[in-house]
Structures are given as C-alpha cells and as structure tokens.
Amino acid sequence: MSFTGDNSKVCHVLAMPFPGRGHINPMLSFCKILASRKPNEILITFVITEEWLGYIGADPKPEAIRFVTIPNVIPSERGRAADFPGFYEAVMTKMEEPFEQLLDQLVPPVDVIVGDVELRWPVEVANRRNVPVAAFWTMSASFYSMLHHLDVFSRDQHLTFGTFGEQTENIPGISSLYMEDLLTVLRKTDERAMQLALECISAASKANYLLFTTIQELEAEIIDTLKHIFPFPIYSIGPAIPYLELEEKTSRNTDHSHDYIKWLDSQPDESVLYISLGSFLSVSNAQMDEIVEALNNTGIRYLYVARGEASRLKDKCGDKGMVIPWCDQLRVLSHSSIGGFWSHCGWNSTLETVFAGVPILTFPLFLDQFPNSSQLVDEWKNGWKIEVSPLSENEVILAKEDIEVLVKRFMDLESQEGKKIRDRARELKVTCHKAIGKDGSSYKNLDAFFNDISFEGH
C-alpha cells in the first residue's frame, strides 16, 4: 500500500511493533497519543502482520494512522505459545526482508522509524538507509537497565548463558534488590530466547532515540543513569495504555453494553477483586480451578478474565463471581467497584493499575514480570507479592487454602495494611495523571521527541 497526496509538511513515522499483543497494544496507544497531539503534522504507517490486521484492523483509530501488512511468520497463536523461542527467532529472521520491501513502496518516504527493541533489525535497517530510528521499549526502564548491564557484563567476561547463574552474583549497575529477580528470569527463560533478547538490547544502542513507556517520576533514578550511559536522547513518554479511549467512553457512556460492566455497576464500591494472569503464557488449568474454588469459599466478589478457559470455569463460578474471556481492562480497573487487581505483572497491566489507582497482588510468571513485581511491592509500595516457589514445576503452585487467606486479607478495606496500600495506590494515580496532563513530564517528553523527529525529517 502507498500513500499519495500533498504530505510535504507532514512528518511520516513508520511504526514497527513486535507481533504480540503486549507489544502491538502499547505501540498503537503511543501512536494514537502522538496523532491526537499533532493531528495535522503527522502521518503514521503502522506495520502489522496479516494475522494481526484480522484482530485489530476494524478498531477505531485516528485518520493520521494507517495500517499496512507484512506476511505472518508463524501460522497461529498456538504455534507461538508452544514454541516461543522458535517464534522469537522467526520474528527476527523472517520479517526484515518484507519490511524493507514495504519501505521501498511507501509514498511519501519515511522520515523516522519507531521500531520495537525486541525485533532487533529495525535499527540496522534504518542505519543502512540513513533514516533516523527510535528504539521503542515495551517494558520497564529498570528491566532495560538490567538487561543492558547483563549484556555488557557477559561480553566483558566472555560468559555464555550456561555460566550466567554461576557468575552473576554481583553485576555492576544492577542493585541487590533486583539481582534475585534477574537470576529467576535467567532460570526460567530459554537459553536461546535470552541470548536473542540480549542481542536486541545491544542493537538498540545504535538507535538515534530510546523511548520508554514509563512515568519519569516512578523510574527517575534509573532513567537518569541510562541518560549518562547512552549518547542519544532518552524519553520517558508515559504509560502507552488506551487512556484516550477510556476518556471517550466515559464521556459518551458507551461501554455499558458489556455484561461485565453492567455487573460491576451493581456491585458496592471497592468490593470486587479483578483477576487477569496474562494473555500469552498463563497459569495451568488446574491452578485456575484452584483459584476459582478458593474465591468461591471466601465469598468475595470477583471478576476473572480466563481467556480460553472462561466457558469451562463459568460452571464452577459461585454467585458472587463472574468469569469472562476478555474485557476492556483499563475500563474495568477504573471502575469504582474494583478494590484490587490480582495480576501476572506484565508491564502494560502494571501501568494500567497505576493509572487506575488500584492496589495489586503480584503473581509473576515470566521474564520481566519478576522485577515488575519487586518494583510494585518494594519500591512503589502499592501492592503485595504472592510468595510461591520460583522453581516449582507443579501444575498448582498456589494452594486453595493459601489463596483464601491471602485474598481475604488483601480485600479487607478496614485493616491498617489494606488502607495503607490503597492510599499509596491513589498517590501513584495522582503522579501518573499529572505526568500525562498538560505540562507534565510525559506530555513534555512526547513534545520534545516530536520536535526532534520533525526537525530530522525536514
């Protein structure tokens, strides 16, 4: 597809996300925020695989954003989950060529590329073509810093993946608070996948800009440290979550057609525990059963997003619970009846709970979710960590009896500890909303980035 017309005064941005929900959603949210701020000054070509066009092609978007496609790399989502390292490698080796072919077809020419760090090749393609490139990171600045320092350390020490665990007791630049999380990540991550991740981090150092989907005030120290390491501008552009759509739905009151919203409307304030444990790699079916049984025994109201298992779990659901396959998560978290969020701590979910001002029960399962959990609990203090054995290989890693005790305690609004984390969650919400508001840090950083790329493009 090519675009024609008089676009001489428009900055043409090409956005290339990694083909996964946790990457496409924040990249698209970022593009929508950028387009809303500069509606007549920007054209955004958003590149997705043919499969993903089927999922999101009909979603509303600003006129300034246009979708174009490249071929799929693996036939189905089942293929991704069954062999994530294979999928990861395919993304890095099979998408580059059709992406370059697309670049040759686009009119007007691209002024700047925004490429997901985890693709590895957008920076190399942009550098070959002398096109400015921004590396876009969809996890925390803290996790980026951890991987950067691990990459530097492993290359300096000539370490292979197999020896990381033995020799990573003390890596310069990684605090002791996160060292245990990093070791957990290394133990639970496929060797080839981790090696590819470090190659991506290494490639990003050749970008012209680095964009973090984070709030400056919440990761200020780590961002300042990274700014001293790299020679290019680093911008914390704020939470790349769909808060613009939330504002539209609230003003138009359009979301009440969903049964789960009607159900939430009928519940008392802060009485519902919302549970979502990830859309890609989640807990076992046996663990899901244990969670639902425990919640039924407590009598606490709950809304559980269980993806493909929702229809099966509905039959086990008590009269105070609701199990659904999908929801508008930010809309749910922002609902007055939600009193807590039990989460796997993916970065998008982490940002959404901060935006909504809801306390969080952390239940990390994969990769950056472990340091995200520590950040929430130990640094930001708006949540509690669910303690399970990080090496457990059992289908059930958290027993029903333990869940009952934990959830009752977490949803007790009158206890001192319950009040403390809810007060803290509300404080973080204020910080977040101030950052994305006019003259806030995220607002200013987005303006600064746009001014940079506009100057580069013309």
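Reader: Which backbone oxygen lies 2.9 Å from a polar atom of the side chain of His 433?

Author: This is a predicted model. In it, His 433 is found in helix H20. A polar atom of its side chain lies 2.9 Å from a backbone oxygen, and that oxygen belongs to Phe 355.

Reader: Is His 433 buried, partly exposed or exposed?

Author: Buried means under 20% relative accessible area, and exposed means over 50%. His 433 has 32% relative accessibility, so the residue counts as partly exposed.

Reader: How are H17 and H20 oriented to each other?

Author: H17 covers residues 347-356 and H20 covers residues 416-436. Their axes come within 6 Å and cross at roughly 100°. Angles of 65 to 115 degrees count as roughly perpendicular. The two helices are therefore roughly perpendicular.

Reader: Which residues of H17 and H20 make the contact?

Author: By class, the contact has 6 nonpolar, 1 polar and 1 charged residues. H17 gives Val 354, Phe 355 and Ala 356. H20 gives Leu 428, Lys 429, Cys 432, His 433 and Ile 436.

Reader: What distance separates the C-alpha atoms of His 433 and Val 354?

Author: Along the chain, the two residues are 79 residues apart.

Reader: What should helix H10 span, and how far apart are its end C-alpha atoms?

Author: H10 has 14 residues, 191-204. The expected span is 1.5 Å times one less than the number of residues. That makes 20 Å for H10, which agrees with end C-alpha atoms that are 20 Å apart.

Reader: Which residue caps the N-terminal end of H10?

Author: Look at the backbone nitrogen of Arg 192. A side-chain oxygen lies 2.9 Å from that nitrogen. The oxygen belongs to the capping residue, Asp 190.

Reader: What is the phi of Cys 345?

Author: Most residues other than glycine have a negative phi. Cys 345 is in the loop between E11 and H17. At 0% relative accessibility, this residue counts as buried. Cys 345 is not a glycine, yet its phi is positive, about 70°.

Reader: Is Leu 367 buried or exposed?

Author: Leu 367 lies in the loop between E12 and helix H18. Its phi is positive, near 45°. Its relative accessible area is 16%. The cut-off is under 20%, so Leu 367 is buried.

Technical notes
Residues are numbered from 1 along each chain as its sequence is written. This is a predicted model: local features need pLDDT of at least 70, side-chain atom pairs count only at pLDDT 80 or more; totals for chains, interfaces and linings use all residues. Side-chain values use heavy atoms; hydrogens and water are left out. Helices (H or I, at least four residues) and strands (E, at least two) are DSSP runs, numbered from the N terminus. A polar contact is a pair of N or O atoms within 3.5 Å; within protein, one must be able to donate a hydrogen and the other to accept it, and residues adjacent in sequence count only if both atoms are side-chain atoms. Axes are lines fitted to C-alpha atoms, for helices over the stretch in contact, and angles run from 0 to 180 degrees between N-to-C directions. Angles under 35 degrees count as roughly parallel, over 145 as roughly antiparallel, 65 to 115 as roughly perpendicular and the rest as oblique. Contact means heavy atoms within 4.5 Å. Ala, Val, Leu, Ile, Met, Phe, Trp, Tyr, Cys and Pro count as nonpolar, Asp, Glu, Lys and Arg as charged, and the others, Gly among them, as polar. Buried means under 20% relative accessible area, exposed over 50%, partly exposed in between (1.4 Å probe, protein chains only).
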